[in-house]
Amino acid sequence: MRFKKELDFVHLSRFFYIFSIAITVAGLIFLATMGLNYSVDFKAGSNVDVALSKNITLEQLKPALNDLGLPHEPAITVGEKRVNIRYDKELDSTQDEALKAAVTKLDDKASFEVNTVDTEMAKELARNAIYSVLISCLGIIIYVSIRFEWRFALAAIVALIHDAFIVVSVFSIFRLEVDLTFIVAVLTIIGYSINDTIVIFDRIRENLRFGKQKTYEDLKLLVNKSVSQTLMRSLYTAFTVFIAAFFLLILGGESIKMFSLAMVIGLLSGAYSSIFIASPLWLLLKKRQKPAVKSNPAKA
């Protein structure tokens with residue numbers, strides 16, 4: 001479906017560039033000075049999963065745990081007949097037994113699963129996620145360069161990294177908690193981002209074949225036309241996934257709240273980056289392309 005109203009997407013892109021640069025610079029400053037607010041997934045400690053025979057509220061559980069006199073405040077997640085308790089420090093056997101006894105007073109049929117959080121494993125997972133993103137970027141560059149051209153590939157990678165870093169920046173600026181599901185969300189966002197970008201690039205390539213572009217203005221009109229032709233398709237796709245992520249954020253459990261929030265931010269970022277970041281960037285790179293020199297035919 002085509003977007004009927006003609007808009008100058010290339011002209012509007014400068015405002016989105018300014019917005020993205022501002023968020024990126026602020027994110028870099030916060031990352032350099034304060035870093036990310038890592039959850040207990042990236043810290044040493046004990047993780048206690050409790051299966052209950054009845055529901056226990058946070059108001060019932062907190063006083064019972066506070067009476068234990070443990071030196072650190074636990075992170076508590078209450079679910080349907082289930083409670084997750086996480087401590088930043090590893091519990092010894094005495095503290096472990098005291099914790100079980102306190103919960104058993106509230107539910108004598110409770111069962112416990114106590115695990116020590118392995119921070120090295122979590123850090124290794126984070127490193128592997130970064131490596132997977134870098135490898136996927138390299139694969140995208142190679143594929144898009146072969147399928148299209150290197151300018152498309154470079155613009156697509158910039159948009160992809162932009163979407164991922166916007167999410168990281170927002171989480172750093174507002175000190176939102178970064179857990180393992182955050183990594184999953186960023187990888188998912190990258191997949192959606194490159195999909196929308198490739199759809200627009202494919203339309204630009206098709207229009208290049210049948211048009212006669214001689215000047216920058218011709219290319220600019222072509223980009224605006226291509227984006228208009230694919231705009232509604234891109235918006236419908238992004239909006240459909242956005243609705244699911246938004247209601248997961250509103251109605252979902254505490255354990256997936258940061259995942260849902262990262263998805264919402266990333267989908268919004270990806271929706272405009274394909275239109276206002278990747279396509280105008282390709283136009284800028286194409287503008288700098290040196291015109292081919294035609295050789296004069298040999299004289300008879």
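Trainee: Why is the crossing of α5 and α8 called right-handed?

Mentor: A crossing is right-handed if the near helix is turned clockwise from the far one by less than a right angle, and left-handed if anticlockwise; α5 passes α8 in the right-handed way. The model is predicted: local features need pLDDT of at least 70 and side-chain atom pairs pLDDT 80 or more, whereas totals for chains, interfaces and linings use all residues. Residues are numbered from 1 along each chain as its sequence is written, and side-chain values use heavy atoms, without hydrogens and water.

Trainee: What are the distance and angle between the axes of α5 and α8?

Mentor: The axes of α5 (residues 150-173) and α8 (residues 257-287) come within 7 Å and cross at roughly 150°. Axes are lines fitted to C-alpha atoms, for helices over the stretch in contact, with angles from 0 to 180 degrees between N-to-C directions. The residues of this contact comprise 19 nonpolar, five polar and three charged.

Trainee: How many bridges join β3 to β4?

Mentor: Five bridges join β3 (residues 75-79) to β4, and the strands run antiparallel. Val 78 stands opposite Val 83. Two residues lie between the strands of this hairpin, where Lys 81 takes a positive phi near 55°.

Trainee: What makes a set of residues a nonpolar core?

Mentor: The members are buried Ala, Val, Leu, Ile, Met, Phe, Trp, Tyr and Cys residues joined through side-chain atoms within 4.5 Å. The largest such core here has 55 residues, and Phe 171, Phe 182 and Trp 282 are among those with the most contacts inside it. The largest share, 16 residues, comes from α8. Phe 182 touches Val 167, Val 168, Phe 171 and Ala 262, not counting residues up to four places away in sequence. A second, separate core of 15 residues includes Val 83 and Ile 85.

Trainee: Why does Glu 149 count as buried?

Mentor: Buried means under 20% relative accessible area, exposed over 50%, and partly exposed in between (1.4 Å probe, protein chains only). Glu 149 has 17% relative accessibility and therefore counts as buried. Glu 149 is found in the loop between α4 and α5. Beyond residues up to four places away in sequence, Glu 149 touches Val 144, Trp 282 and Lys 286, where contact means heavy atoms within 4.5 Å.

Notes. Two strands pair if DSSP finds at least two bridges between them. Helices (H or I, at least four residues) and strands (E, at least two) are DSSP runs, numbered from the N terminus. Ala, Val, Leu, Ile, Met, Phe, Trp, Tyr, Cys and Pro count as nonpolar, Asp, Glu, Lys and Arg as charged, and the others, Gly among them, as polar.
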